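Subject: Structure for your attention, with notes on helix packing and a pocket

Dear colleague,

Please read the notes with the model open.

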Amino acid sequence: MPAGVEVHMNEMTEPQFRVQAPAILFPGAVGNHASAYRTAHDLLSRRAPREALEVLEPALEEEPTNRGLRSLRAWAYLMRAQLTKASDELADLVAEDPSDAWTRHALGRAFERQSKYDEALPHLRLAAAMTGDPEHEYDALRVERVAGKLG
């Protein structure tokens, strides 16, 4: 009989099988940071930030300076509306690499969601200029309007 399979006999002596599945372990939860990145990215794409953080935290304990993992953690914080944690993580990432347009835009959005429009604007404007993305430009214009900076 395979492991995890139990057989019980009922009153009619007919066998009843009960299969016990093994515990779920996310593939990125142990050891391999590339796997942790892929798993966390997939979870975030599926709007599961809590589960993504469960995969990311052990990987970040082993490699706390990994920018990819830290960016995903910031994304998870944004999704969970943990905006102070998100903006702190993103500010550190921007300080390390000022040319990262995604991080800059995400930092601007984190500040915007905290109603810190004057702090958000420089990041949103620069991300829009760096990428030429119409959505980034729209975000910058929206915050300029809300902040009263648009004429």
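In what follows, axes are lines fitted to C-alpha atoms, for helices over the stretch in contact, and angles run from 0 to 180 degrees between N-to-C directions; helices are DSSP runs (H or I, at least four residues), numbered from the N terminus. Please keep in mind that this is a predicted model, in which local features need pLDDT of at least 70 and side-chain atom pairs count only at pLDDT 80 or more, while totals for chains, interfaces and linings use all residues. Residues are numbered from 1 along each chain as its sequence is written, and side-chain values use heavy atoms, with hydrogens and water left out.

Helix α6 (residues 117–131) packs against helix α7 (residues 134–147) at an angle of about 155°, their axes lying 8 Å apart. That makes α6 roughly antiparallel to α7 (angles over 145 degrees count as such, and those under 35 as roughly parallel). The contact, meaning heavy atoms within 4.5 Å, involves residues including Leu-121, Leu-124 and Ala-128 of α6, with Ala-140, Val-143 and Ala-147 among those of α7. By class, this contact of α6 with α7 has 10 nonpolar, 2 polar and 5 charged residues, where Ala, Val, Leu, Ile, Met, Phe, Trp, Tyr, Cys and Pro count as nonpolar, Asp, Glu, Lys and Arg as charged, and the others, Gly among them, as polar.

Helix α7 also packs with α5, at an angle of about 30° and with the axes 11 Å apart, which makes α5 roughly parallel to α7. Here His-105, Arg-109 and Glu-112 in α5 meet His-136, Asp-139, Arg-142 and Val-143 in α7, a contact with 1 nonpolar, 2 polar and 4 charged residues.

The largest pocket holds about 170 Å³ of space. On a 1 Å grid over the protein atoms alone, a pocket is an open set of points where a 1.4 Å probe fits, with protein on both sides within 12 Å along at least five of seven lines, and lining residues have an atom within 4 Å of a point; the volume is the space filled by probe spheres set on the points, which are joined across faces, edges and corners. Its lining consists of Leu-78, Trp-102, His-105, Ala-106, Arg-109, Arg-113 and His-136, and helix α5 (residues 101–113) gives the largest share, 5 residues. By class, the lining residues divide into 3 nonpolar, 2 polar and 2 charged.

With best regards

How values were computed
Helices (H or I, at least four residues) and strands (E, at least two) are DSSP runs, numbered from the N terminus. Angles under 35 degrees count as roughly parallel, over 145 as roughly antiparallel, 65 to 115 as roughly perpendicular and the rest as oblique.
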